Amino acid sequence: MSFEDKKANLEARISELDGEKTSLLNQIPVLKEKLTSLRLEDKARSLETEISALNSEKMTMEEEISHYNQTPDAAEQQEPEVGNPPAEAESTSDAPVFPTSQSY
C-alpha cells in the first residue's frame, strides 16, 4: 500500500470518527434530559406511593381516635368508680377473714 493510499484511508477514518463524535455529542444532552425526566417521574411516583400510605395510616388512626371519642360514656359505665362498688355486689361483712401476714 502506498503512502497516498494510507493517507486517504486515515483521512477517511478520521472523518468517520469525527462524524461519530459529533453524533454522540448531540445525542448525549438529549439522553441526559430524558434520563433526568425519567428519574424525576420515578421519584414523583415513589413519593405519591409514600404519601398514599401515610394518608391511609393517618385515616386509620383518626378513625380509631374517633371511635374512642364517640364512646366515652360506654367506657365509663363498664368501669366502676373506685370506692363505689356496683349495686349488685354482695356485702363482705360475713366473709371469712384471712391473715395477711405469716403466723406460722
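Is Arg 13 buried, partly exposed or exposed, and what is its relative accessible area? I looked it up: Arg 13 is partly exposed, at a relative accessible area of 42%. The classes I used are buried for under 20% relative accessible area, exposed for over 50%, and partly exposed in between, with a 1.4 Å probe and protein chains only.

Model and numbering. I am working on a predicted model, where local features need pLDDT of at least 70, side-chain atom pairs count only at pLDDT 80 or more, and totals for chains, interfaces and linings use all residues. I number residues from 1 along each chain as its sequence is written, and side-chain values use heavy atoms, with hydrogens and water left out.

Whole chain. I find two helices and zero strands in the protein chain; these are DSSP runs numbered from the N terminus, helices being H or I of at least four residues and strands E of at least two. Of the 104 residues in the protein chain, 0% are buried. I note an accessible surface of about 10,400 Å², with 56% of that on carbon and sulfur atoms. The areas come from the Shrake-Rupley method with a 1.4 Å probe, and for residues only the protein chains shown count as cover.

Salt bridges. I list three in the structure, taking a side-chain nitrogen of Lys or Arg within 4 Å of a carboxyl oxygen of Asp or Glu.

Arg 13 and Glu 16. I read 3.2 Å between the closest N and O atoms of this salt bridge. Both residues lie in helix H1 (residues 3-70), three residues apart, or about one turn of the helix.

Asp 42 and Arg 45. I read 3.9 Å for the closest N and O atoms of this salt bridge. The two residues are separated by about one helical turn because they are three residues apart in helix H1. Asp 42 is partly exposed at 48% relative accessibility, and Arg 45 is partly exposed at 48%.

Lys 58 and Glu 62. I read 3.8 Å, N to O, for the salt bridge between these side chains. Both lie in helix H1, four residues apart, about one turn of the helix. Lys 58 is partly exposed at 47% relative accessible area, and Glu 62 is partly exposed at 43%.
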